[in-house]
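User: I am new to this structure and would like to go through it with you. Could you take my questions as they come?

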Amino acid sequence: MAEHELYHIIHQLEKPHNLQQAPQLLSKAKLGLLHIQALVPSSDTTPQHLHIATSVLEHGALLSIRLKDTEAFTRYYQQLQPFYSLPHDRWQRDKRPSNQSKVTGLYLLLLLSVGDYAGFHTVLEGLEMSSGKKQIEKDELIQYPVRLEQALMEGSYDKVWGETKGERVPSEEFAVFSEVLINTIRSEIASCSERAYPSLPISNAKNLLFLDSEGAVIQFAQARGWVAKEGRIYFPQQEAEALAAEKDVMSSSNTVIENTLGYARKLETIV
Amino acid sequence: MAEKMDIDTSNGESKEEEKTGGPVAPAEMSTEKIISTNFALINQAVDSFDPRFTLRALRSIATLRKREDFAQALGAGIRQAFPKESNNARRVLEEMLPESVRQQQNGSAETNGKKDEVEVVEIAEVWAYLGVLVQVYLLDTASHQAGATFSLNLVSKLRSFNRRTMDPLSSKAYLYLSLFHENLAPLPPSPQSPVLTLRPTLLAALRSAVIRNDSDTQAAVTVLLLRNYISTADITQADLLVAQTQFPASAANNQVCRYLYYLGRIRAIQLAYTEAHSNLEAATRKSPTTGAAVGFYQQATKMLIVVELLMGDIPERATFRLPVLEKALAPYFKLVQAVRVGDLGGFVKCVEGNEGRFRGDGTYTLILRLRQNVIKTGVRMLSLSYSRISLRDICTRLSVESEESAEYITAKAIRDGVIPDSSLDHEKGDLLTHSGRDVYGSTEPSEAFHERIGALLGMRDECVRAMRYPGNRNREAGIEAMKARERERELVGEVLEAEDEEDEEMGGGMDGL
């Protein structure tokens with residue numbers, strides 16, 4: 001029976017050290033799902049099949065995160081969507097798939113790390129509409145990306161740093177994203193610092209950028225084109241800005257001329 | 001002859017209006033009379049292929065539905081339009097009305113006497129009009145399930161007709177169809193709501209409307225689809241619909257308003273605030289600000305205010321003092337005050353206190369995003385007021401947890417251009433502001449002027465395009481008169497020529513003698 005095979009595969013997937021074989025197992029599992037016609041939920045799919053299908057797809061999603069395959073994860077997420085939008089009475093034993101919030105939380109985090117804030121907010125709106133605020137507030141796995149997004153938008157990067165470090169992370173899959181996030185905030189802080197500080201001593205820069213050693217700071221500085229002298233870092237961007245402002249006047253006269261000609265043309269039609 | 005009689009009836013209606021002064025006029029006419037006059041208007045519309053008469057007939061729906069004897073009048077109207085009781089069309093309509101109305105055979109005998117005053121032809125448009133009235137009746141009595149099934153039936157029949165004179169009626173039919181489905185349980189935004197089953201129907205209707213060049217239905221159905229998608233928060237689908245279809249440029253003003261409003265909402269959720277702002281502003285400008293439609297104006301203004309806050313601008317105080325808006329916008333006023341001052345605590349309190357109202361307006365999630373705006377405004381206020389302020393003080397003022405956060409926040413604010421001409425002094429832990437930036441020396445004023453001039457010129461162009469010249473009929477009469485005169489002239493010319501020839505002949509003859 002196809003179902004027995006599927007149960008067997010699920011059991012194998014749940015063992016932690018099978019990471020390399022996971023993709024093959026998953027393809028086999030998906031074929032099995034197609035046999036029992038449960039890959040896409042329809043009105044006559046039994047709750048048992050629904051459970052099997054969701055656990056296969058969820059395992060697939062979580063494993064692709066561990067394998068750092070973002071495309072596969074997005075695909076699994078899309079495939080899980082029709083299952084998640086089914087009403088409660090289709091799930092007989094009143095047990096909704098346990099990993100729903102985890103997968104959704106991971107997807108939100110993925111959107112954040114890529115910088116797709118529009119997508120992030122769209123998904124969040126959809127969640128609020130379907131589950132209501134109370135449930136989302138209690139759900140730590142979803143609150144984590146929401147908190148992160150808030151902190152990122154505000155600019156309090158130390159909060160982001162604190163969230164991604166160690167204990168505050170809800171589960172190990174979220175930790176995969178921590179690296180990406182830290183790189184993002186590092187470049188953000190760097191660009192902010194360029195505009196905000198005339199110069200910085202290297203030790204302070206180390207703390208600000210969450211780097212481990214002064215050597216790393218100097219490397220980073222060189223990579224971004226800053227000048228490191230006498231234990232301080234100088235940011236050269238301001239001068240380029242001043243030049244740009246001067247050029248502004250010349251180019252703006254062009255715009256002014258164009259605009260005024262436009263007004264004259266339009267005014268002639270209004271007689 | 002028939003046309004002349006119709007003109008008389010409509011003239012009679014307008015005279016009554018003049019006598020009793022404006023919109024109070026139809027109160028003088030009984031409900032049945034109104035329905036019969038509307039039949040006349042619809043006939044006229046079909047004869048002259050002019051949609052304005054149908055629109056006038058539809059406009060009376062608002063007064064009709066408030067009448068107590070609406071159901072009876074409707075029954076009488078159906079009997080008047082379809083005298084044969086066995087008529088299938090009549091039966092379909094009458095099924096929806098209560099029993100008492102159907103039995104009123106005797107009462108209508110009197111009105112039958114007046115029937116020959118207005119010739120009522122059994123045309124499809126009259127049936128469609130009565131169908132819309134039945135929909136209104138069902139909606140007012142809150143029989144949503146019956147209404148939903150009846151509307152589906154009505155709409156599929158209307159789609160099978162390919163008559164342009166039916167367009168305004170079919171767009172109304174779709175509107176009520178959508179309204180019925182929205183009230184069926186489970187209500188949206190649940191993912192099982194029946195509005196989802198409505199989507200394929202609406203999409204098919206949109207397709208046929210576009211193929212037939214039916215701009216009324218096209219506009220109405222597009223708007224209904226957007227409303228449908230937004231109610232279940234399927235923003236990506238709504239976005240795709242907007243990207244793939246074109247909104248007809250010749251649509252009626254109220255549909256354009258609605259379209260702009262929904263478009264603005266979609267863009268606001270997608271963080272495209274500038275676009276959202278222009279859409280919502282156009283929606284508020286075009287919408288009527290008095291009468292029954294003032295609710296739309298209030299709703300659009302609420303969205304506009306939130307989007308303006310998200311963009312970093314503070315809406316004008318005068319908006320909040322308009323009498324029609326004052327009560328509706330009260331919680332938003334407090335919100336604006338909190339954001340303006342940069343008061344994070346007040347902001348949080350306001351949001352929590354008015355959560356229910358904001359959710360009802362659909363602005364709650366957008367308002368949550370305002371948190372960072374409050375902080376940015378707070379930073380800006382501080383930088384304007386102090387030339388040098390320590391980070392610790394910033395920390396306390398902004399109710400931020402730690403000094404490091406305050407440092408990062410101010411650095412980001414400087415980078416984003418919220419507080420230009422500032423810098424941070426890391427050793428002493430201060431924020432410094434260098435003033436002396438002359439706004440008038442830069443290009444900012446000219447850019448602001450340019451935007452405003454562009455908007456006004458655009459408005460003027462639209463007005464010019466929307467102008468219509470009255471007196472079509474006069475013009476036709478004029479053309480006919482001209483033609484008549486030309487013919488006369490030709491005749492006269494011919495007669496004269498003939499006379500000349502005769503004269504010549506005669507003269508020739510005489511000469512010949």
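User: How many residue pairs are in polar contact between chain B and chain A?
Analyst: In this predicted model, the count between the two chains is 12 residue pairs in polar contact, with both residues at pLDDT 80 or more.

User: Which elements of chain B supply the side that touches chain A?
Analyst: Several elements of chain B each supply at least two residues of that side. Among them are helix 13 (215-231), helix 14 (235-244), helix 23 (371-385), helix 25 (403-416), strand 2 (422-425) and helix 26 (444-466).

User: And which of them gives the most?
Analyst: Helix 25 of chain B gives the most, with 9 residues.

User: What is the make-up of that side by class?
Analyst: The side of chain B that touches chain A has 18 nonpolar, 13 polar and 11 charged residues.

User: How many salt bridges cross the interface?
Analyst: The rule finds 1 salt bridge across the interface of chain B and chain A. A:E188 pairs with B:R415 in a salt bridge, and their closest N and O atoms are 3.1 Å apart.

User: What area is buried between the chains, and how many residues take part?
Analyst: About 3,800 Å² is buried between chain B and chain A, and carbon and sulfur atoms give 58% of that area. The contact takes 42 residues from chain B and 42 residues from chain A.

User: Let us turn to chain A by itself. What is its secondary structure?
Analyst: Chain A comes to 13 helices and 3 strands. It has 271 residues, of which 45% count as buried.

User: What about its contacts and its surface?
Analyst: Among contacts in chain A with a separation of 6 or more, 62% are between residues 24 or more positions apart. Chain A exposes about 14,600 Å², with carbon and sulfur atoms supplying 53% of it.

User: Back to chain B, then. Where is B:L344, and is this residue buried or exposed?
Analyst: B:L344 is found in helix 20 (residues 344-353) of chain B. B:L344 counts as buried because its relative accessibility is 7%, and the cut-off for buried is under 20%.

User: What does B:L344 contact?
Analyst: Leaving aside neighbours within four places in sequence, B:L344 is in contact with B:R371, B:V374, B:I375, B:L398 and B:S399. The C-alpha atoms of B:L344 and B:T377 are separated by 10.0 Å, and these two residues are 33 residues apart along the chain.

User: Where does B:N228 lie, and what does this residue touch?
Analyst: B:N228 lies in helix 13 of chain B, and its relative accessible area of 3% makes this residue buried. Not counting residues up to four places away in sequence, B:N228 touches B:V195, B:L198, B:R199 and B:L202.

User: Now the backbone. Which residues other than glycine have a positive phi?
Analyst: B:N213 is one of them, with a phi of about 65 degrees. Another is B:L271, whose phi is near 70 degrees.

User: Where do B:N213 and B:L271 lie?
Analyst: B:N213 lies in the loop between helix 12 (195-211) and helix 13 of chain B. B:L271 is found in the loop between helix 15 (253-269) and helix 16 (273-286) of chain B.

User: How exposed is each?
Analyst: B:N213 is exposed, with a relative accessible area of 65%. B:L271 is partly exposed, at 28%.

How values were computed: Residues numbered from 1 in each chain as written. Chains lettered and ligands numbered in written order. Predicted model: local features only at pLDDT ≥ 70, side-chain atom pairs only at ≥ 80, totals over all residues. Heavy atoms only, no water. Helix = DSSP H or I, 4+ residues; strand = E, 2+ residues; numbered from the N terminus. Buried < 20%, exposed > 50% of the residue type's maximum accessible area, 1.4 Å probe, protein only. Contact = heavy atoms within 4.5 Å. Areas by Shrake-Rupley, 256 points an atom, 1.4 Å probe, with all protein chains shown as cover. Buried area = accessible area lost by both parts, 1.4 Å probe. Salt bridge = Lys/Arg side-chain N within 4 Å of Asp/Glu carboxyl O. Polar contact = N/O pair within 3.5 Å; in protein donor to acceptor, adjacent residues only side chain to side chain. Nonpolar A, V, L, I, M, F, W, Y, C, P; charged D, E, K, R; others polar.
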